[in-house]
Amino acid sequence: MRLFRDLLRDVRFAVAFWVLCLLLTFAALSLFSPYDPTRWGQVPRDLRPSAEHWLGTDSNGQDVFWNATFAVRNSLIIAVIAGVVSRIIAVIVGMVAGYRGGSWDRALMFLSDSLLVIPLFLIIVMMAMLIRASLNLATLGLLLAFFGWAWDARLIRSQILSLRERDFTQTAILSGTGTLKLVLNEYMPYAMPLIFSTLINNMAWAIGLEITLAILGLLDMSIPTLGTMLYWAINYQAILLGRWWWVLTPITLSVMLFIALYWLSVSISEYLDPRTRVQRVGA
Amino acid sequence: MFLKQYLIPRLIQYVLVILLGITAVFFIPRLLPNDPVLRTIAEMRARGAYLEPGAMDKIISDLQQMYGLEGSWFDQYLAFWGRLFRGDLGVSFFQFPTPVLDLIMTALPWTVGLLLTTTLLSWAIGNLIGGFAGYYADRSWSRTLDAIAMVVRPLPYYIFAFALLLLFAYLLRWFPVSGGARLGMRPSWTWPFIQSVLWHSVLPALSIFILSAAAWFQTMKLVVQNVNAESFVAYAKLSGVQESRIVSRYVIRNALLPQITGLGLSLGLIFSGALITEIVYSYPGLGTLLYNAIVNGDYNLIMGITIFSIIAITTSVLIVDLMYPFFDPRIRYM
């Protein structure tokens, strides 16, 4: 609790925290939606915002406000799946590379360096193109997780490298602690803050890619996400026709989401360790 | 020593990365559950692609060769590389029978022009301003810039480019909405054409520039703040060296080293970002070519763009990395 109070003193953290709370509430509202998000033509098309339809309606005959609640929820689900699964990969790779060292280290770091250099966006497009038919929230999350661990595995590895040099490592080994136990019980607590701040960054990355893939028409367009909402708005020329409420809703929501996630991660990592700010804000 | 410890491992890594990337491109359609040839054709049909009679047979045999469905996987793999070495990326389906490589070469100058100028400018300007902002971290202009970067930095390329497009092209109508030059203009080295090209590239260039400059600004500012704390800076100050000299000669110079490594590592991301930005503005480069390929279900073209980009990006990263010794005497004299 003290930690939380300290963090709230940072304006960025406070803003990010409340904005995220707001967005989570918004996403939770989807549970009470009077409309089915997968069905079209439930309300009159292209209405301006009014008391009945707070954010108007779109050309598919859906209520923009309620559709947006589903969009935020689904985008967050994709982000959480991608973030958590890629964290597991990153932690395993980082810890094995950092602790085992030697040829394991070289092989794993070569792999992650390659993932950083190769234009992954294109590889992801290639894969999405082939499995589009079976691309739902979970599979998209897993696809992104599979490619999203490289940079963070590097960060975790360097932290493990420095922990391995500390005295307590020797003490633990000499007193007979097994490798697995040493890594899980002794190293994990140190690595946790780093893992958490990379999780937030990774979630933002996943949402950004989800939006991009949706715009390219590579997702199932009947599932409302921030990306597919924008896709339909652009597809129906909402900008030219002046339907600003339809275009601006997903844009505003995603800008809020990206800034909130970023500020949260920056303020947390600065609070935890001001000296390594560089690594975490890094390119 | 330099050769043995730096250059040769780096070159080996370069070859291995290309090998790995292209091998991945080879295996992706084979490891996925559905038959790539049938899948591609179904995809094209679903999108109502118009095909001349006879074209379909050529496409099927082309696809079978490209996915190399004859012989064992190893034979297929060798045949795949054989084609690549001959510079043969197959033909495009949606602009049948133009070779993929020709389409890429037509689009390439646009992307290279956009990418080269924005990457170099944003790196130089972002680092310069970031360097000064880090040295004078408590001035108000430094804080203002930092606040702006905090807002801009997290936005993904798509959203940022789209927001600029809405604001400057639709709302204010200062810049054209899409394209690389005015419609109907033929590429030539005449002043009206060049003017039109520059005019159309302002918004795409600006959105890539601002996003990456904000990133360089932030990292540079933090690095400089760390360098500032080192004793050689305190010593220089105490010995009465001019402030401007300290910043430009000592502080920024030292802080630039990690930024060069950073440039190499982030080229792949910047490139992907540029493709996405091009799509937003329908800028006639590789990004828009990719978009057309996706919309028309042209898997061959997507694969060609991917293979080409893997080679182009890893080579650019190699060039950046090989320049490193010119800036870091510790490696040069190793």
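Before the counts, one term: by polar contact I mean a pair of N or O atoms within 3.5 Å, where, within protein, one atom must be able to donate a hydrogen and the other to accept it. Keep in mind that this is a predicted model. Under that rule, 2 residue pairs, both at pLDDT 80 or more, are in polar contact across the interface of domain 1 and domain 2 of chain B.

Now the parts themselves. In chain B, the domain assignment puts domain 1 at 2–85 and domain 2 at 100–327. Domain 1 of chain B brings 22 residues to the contact, and domain 2 of chain B brings 19 residues.

How much area do domain 1 and domain 2 of chain B bury between them? About 1,700 Å², with 73% of it on carbon and sulfur atoms. On the domain 1 side of chain B, the residues that lose the most area to domain 2 are R10(B), Y14(B) and V25(B), which together make up 29% of what that side buries.

R10(B) comes up again in the charged contacts. The count between the two domains of chain B is 1 salt bridge. The side chain of R10(B) forms a salt bridge with that of D321(B), at 2.8 Å from N to O.

Which helices of chain B supply the domain 1 side? Helix 1 (2–31), helix 2 (36–46), helix 3 (55–66) and helix 4 (73–85) each give at least two residues. Helix 1 of chain B gives the most, with 13 residues. By type, the residues on that side of domain 1 of chain B are 16 nonpolar, 2 polar and 4 charged.

That is what I have; comments are welcome.

Note on methods: Residues numbered from 1 in each chain as written. Chains lettered and ligands numbered in written order. Predicted model: local features only at pLDDT ≥ 70, side-chain atom pairs only at ≥ 80, totals over all residues. Heavy atoms only, no water. Domains from an automatic or database assignment. Contact = heavy atoms within 4.5 Å. Buried area = accessible area lost by both parts, 1.4 Å probe. Salt bridge = Lys/Arg side-chain N within 4 Å of Asp/Glu carboxyl O. Polar contact = N/O pair within 3.5 Å; in protein donor to acceptor, adjacent residues only side chain to side chain. Helix = DSSP H or I, 4+ residues; strand = E, 2+ residues; numbered from the N terminus. Nonpolar A, V, L, I, M, F, W, Y, C, P; charged D, E, K, R; others polar.
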